[in-house]
Amino acid sequence: MKTIFISVILFFFTTITAQEIQFYGEAKQGGIIIGVGKNITSVQLNGVNIQIDKSGAFVFGFDRNSKGISKLKVRFKNKKIETFEYTLEPREYEEQRLTIAKKYVSPPKRESKRIKRENQLMKAARAKVGKLKNALYMSGFVYPVDSVDIRSVFGSQRILNGKRANIHNGLDFSAEVGDSIRAISDGIVRIAGDNFYYNGNFILLDHGQGLTSVYLHMSKIIAKENQKIKKGEVIGLAGSTGRATGPHLHLGVQWYKKRIDPMSLFNLVLPSKE
Ligand SMILES: [Zn+2]
């Protein structure tokens, strides 16, 4: 009799606390999950604390190659703890054959200093990511181009000039030189890169709590470093600067170092802000 009584009580409390958090997104390789809850004191993903902002919003993502089970532990003000488990299934990725100029497969020696310097600038910009606790991404997500035509999907294994090369860690949109490129969500410009060897002209936006988006190969940069940007604001114009086979926009999304499929953002329906 006692056992029955306890399980009824537990069920009752679990139901109540579960209702205090809303989740948006999907647990999959390259996927992202946004949680919004009331009276949360801490959130841990696989034993590591992740950021929560004043509104109770937090975010976490799964890398292209993430495997196994991830555990989320949420602590509430009333000392209750709620845990959630996510099991990731392997995703199938495409293979993509490309022919590009030889200088971009193995860059000439004279460019190595420049590439090294650019890598350092990128590293410095990325080092600022994670310091912004505000969930700017709660503004929601929009496509970065006005007419959406996906040219190359996220996660493909690239075969450059017949050789296995890097993974395509982003989403390519068809674009003409001069087309508007828009911020996918509210953010702060961490770097406005000027004609980098690989990235060309590009922008890195920080959406808070480790979530970033990067827009490559632009013909013109419009947004300035440290500038606050609104969702849908024009931050640059499309082009084919850097390592590009023609004019297009490469959009890359990361949660810290985890490579996120940008597509997993565009279908999210977040609660609208008053
Ligand atoms: Zn790309």
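1. Let's start with Ile33, which sits in strand 2 (residues 32-37). Please keep in mind throughout that this is a predicted model. Ile33 is buried, because 23 other C-beta atoms lie within 10 Å of its own and 20 or more is the mark for burial. Leaving aside residues up to four places away in sequence, Ile33 touches Phe23, Gly25, Ala27 and Phe60. Leu45 is twelve residues from Ile33 along the chain, and 12 Å separate their C-alpha atoms.

2. A word on confidence. The average pLDDT over the chain is 91, and 92% of the residues score at least 70. The stretch to handle with care is residues 6-17, where the pLDDT is below 50. Beyond near neighbours in sequence, residues 6-17 have four contacts in the model. Where pLDDT is low, the predicted coordinates should not be read in detail.

3. Now the overall layout. The chain divides into domain 1 (2-88) and domain 2 (95-266), and their centres, taken over C-alpha atoms, are 30 Å apart. Their contact draws 16 residues from domain 1 and 17 residues from domain 2. On the side of domain 1 that touches domain 2, strand 5 (residues 57-61) gives the most, with five residues. By class, that side of domain 1 has six nonpolar, six polar and four charged residues.

4. Strand 15 (residues 200-206) deserves a look in your viewer. This strand is mostly covered, with seven of its seven residues buried. Strand 14 (residues 187-196) pairs with strand 15 in the antiparallel sense over six bridges, and Ile191 stands opposite Leu204 of strand 15. Three residues link strand 14 to strand 15 in a hairpin.

5. Strand 15 also pairs with strand 16 (residues 211-218), again antiparallel, over five bridges. Here Asn201 stands opposite Met218 in strand 16. Four residues lie between strand 15 and strand 16 in their hairpin, and Gly208 in the turn has a positive phi of about 95°.

6. There is also an open sheet of three strands, in the order 13-19-17 and with antiparallel pairing. Strand 13 (180-182) and strand 17 (220-221) are the edge strands, each pairing on one side only. Three bridges join strand 13 to strand 19 (residues 234-237), and Arg182 has Val234 of strand 19 as its bridge partner.

7. Most residues other than glycine have a negative phi. Asn226, however, has a positive phi near 70°, and Tyr256 has a positive phi near 50°. Asn226 belongs to the loop between strand 17 and strand 18 (228-229). Asn226 is exposed, since 11 other C-beta atoms lie within 10 Å and the limit for exposed is 12 or fewer. Tyr256 is in the loop between strand 20 (248-255) and strand 21 (258-260); with 16 other C-beta atoms within 10 Å, Tyr256 is partly exposed.

8. Finally, how far does helix 3 (residues 112-127) reach from its first C-alpha to its last? The span is 22 Å for 16 residues, close to the 22 Å expected at 1.5 Å a residue. Of those 16 residues the number buried is zero, so helix 3 lies largely in the open.

Notes. Residues are numbered from 1 along each chain as its sequence is written. This is a predicted model: local features need pLDDT of at least 70, side-chain atom pairs count only at pLDDT 80 or more; totals for chains, interfaces and linings use all residues. Domain bounds come from an automatic or database domain assignment. Two residues are in contact if their C-beta atoms, placed from the backbone, lie within 7 Å. Helices (H or I, at least four residues) and strands (E, at least two) are DSSP runs, numbered from the N terminus. Ala, Val, Leu, Ile, Met, Phe, Trp, Tyr, Cys and Pro count as nonpolar, Asp, Glu, Lys and Arg as charged, and the others, Gly among them, as polar. Two strands pair if DSSP finds at least two bridges between them. The expected span of a helix is 1.5 Å times one less than its number of residues. pLDDT is the predictor's confidence in each residue, from 0 to 100.
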